[in-house]
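Here is a short report for a reader new to this structure. Look over the sequence and the model first, then read on.

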Amino acid sequence: VDTGAGDGELLLVLAEALRQNGLPPVTMIAVEFNEVARSVAAHRLAEAGARHLAIRGDIGAPDAIAEALSTHGIDMADACHVSKSVIHNRSVTGEAEAVRDPVFEASLAVHLDQQARPLTAARMAGDLVEHFRRWLPWTRRHGMITIEAHSVDPKLVARAAATPILSMEITHGLSLQHLVEPAFHRRAAALAGFRSLAMRDLQTGHVGAPLMTCDHLLPI
């Protein structure tokens, strides 16, 4: 199950990886809020001959996704859940209880809610911890794989004027997406009750810090 599947690219890559490694095919489920993207994902998966399903869903509402899947006879707890660059695109209300931790207090990112009102790092952390907790019941069997973009120390961004990193940070901020640092992301997952089976930092060559991470998380 890819929540925030967009045009289905990640599911197509996973289906091909299964094929190349001689593994049996599995049902590829695209969960996508945007109707146009969801339709494109379904079309591409059908063209590739992948066994698939495309449904409407939101990364912030896993219980609703589970209910939608149950109407197709699918137990969401049986799935391996993946997401790419969508956790930071969830809706943040700012109502979550603040969570204080040295990792969060060290954050240099700009934190805003969906009305572009400033949030403390502790409030943003509380929202992210709550987000991960909502996914705990559905990921106990196979876990969840997150691929996420991250905020970067402004001093490093300033030294990388020839790269698109600054524009990425600005466009994410103006579109009310919620980039945090890799350590912030991983600490929130840990406080929510996940452990990391595997992790990888990605795109570290631009400024000497990861712009993206990939983690396979499993409830403790």
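Contact here means heavy atoms within 4.5 Å. The model is predicted.

## Helix 8 and its surroundings

What do the buried residues of helix 8 pack against? They pack against helix 4 (102-105) and helix 5. They also pack against strand 5 (144-149), strand 6 (194-202) and strand 7 (212-219).

The buried residues of helix 8 are Pro182, Phe184, His185, Arg186, Ala188, Ala189 and Ala192. Just after helix 8 comes Gly193, with a positive phi of about 115°.

## The nonpolar core

In soluble globular proteins, nonpolar side chains tend to be buried together. In this model, the largest nonpolar core has 34 residues. Those with the most contacts inside this core are Ile65, Leu69, Met76, Leu128, Phe132, Phe184 and Phe194. Two or more residues come from each of strand 2 (28-31), strand 3 (52-55), helix 3 (62-70), helix 5 (121-135) and helix 8 (182-192). Helix 5 gives the most, with seven residues.

Met76 is worth a visit. Which residues is Met76 in contact with, leaving aside its neighbours within four places in sequence? They are Pro62, Ile65, Ala66, Leu69, His81, Trp135 and Trp138.

## Strands 2 and 3

Strand 2 and strand 3 pair in the parallel sense. Four bridges join this pair. Ile29 has Leu53 of strand 3 as its bridge partner. Between the two strands, the chain passes through helix 2 (residues 35-47). This β-α-β crossover is right-handed.

In a regular strand the side chains alternate between the two faces of the sheet. Strand 3 has a covered face and an uncovered one. Leu53 and Ile55 are on the covered face. His52 and Ala54 are on the uncovered face.

## Two cysteines without a bond

How many disulfides does the structure hold? It holds zero. Cys80 is in no disulfide, and its nearest cysteine sulfur, that of Cys214, is 10 Å away.

The cut-off for buried is under 20%.

How values were computed
Residues numbered from 1 in each chain as written. Predicted model: local features only at pLDDT ≥ 70, side-chain atom pairs only at ≥ 80, totals over all residues. Heavy atoms only, no water. Core = buried A, V, L, I, M, F, W, Y, C linked by side-chain atoms within 4.5 Å. Buried < 20%, exposed > 50% of the residue type's maximum accessible area, 1.4 Å probe, protein only. Disulfide = S-S within 2.5 Å. Pairing = 2+ DSSP bridges. Right-handed = clockwise from strand over helix to strand, strands pointing away.
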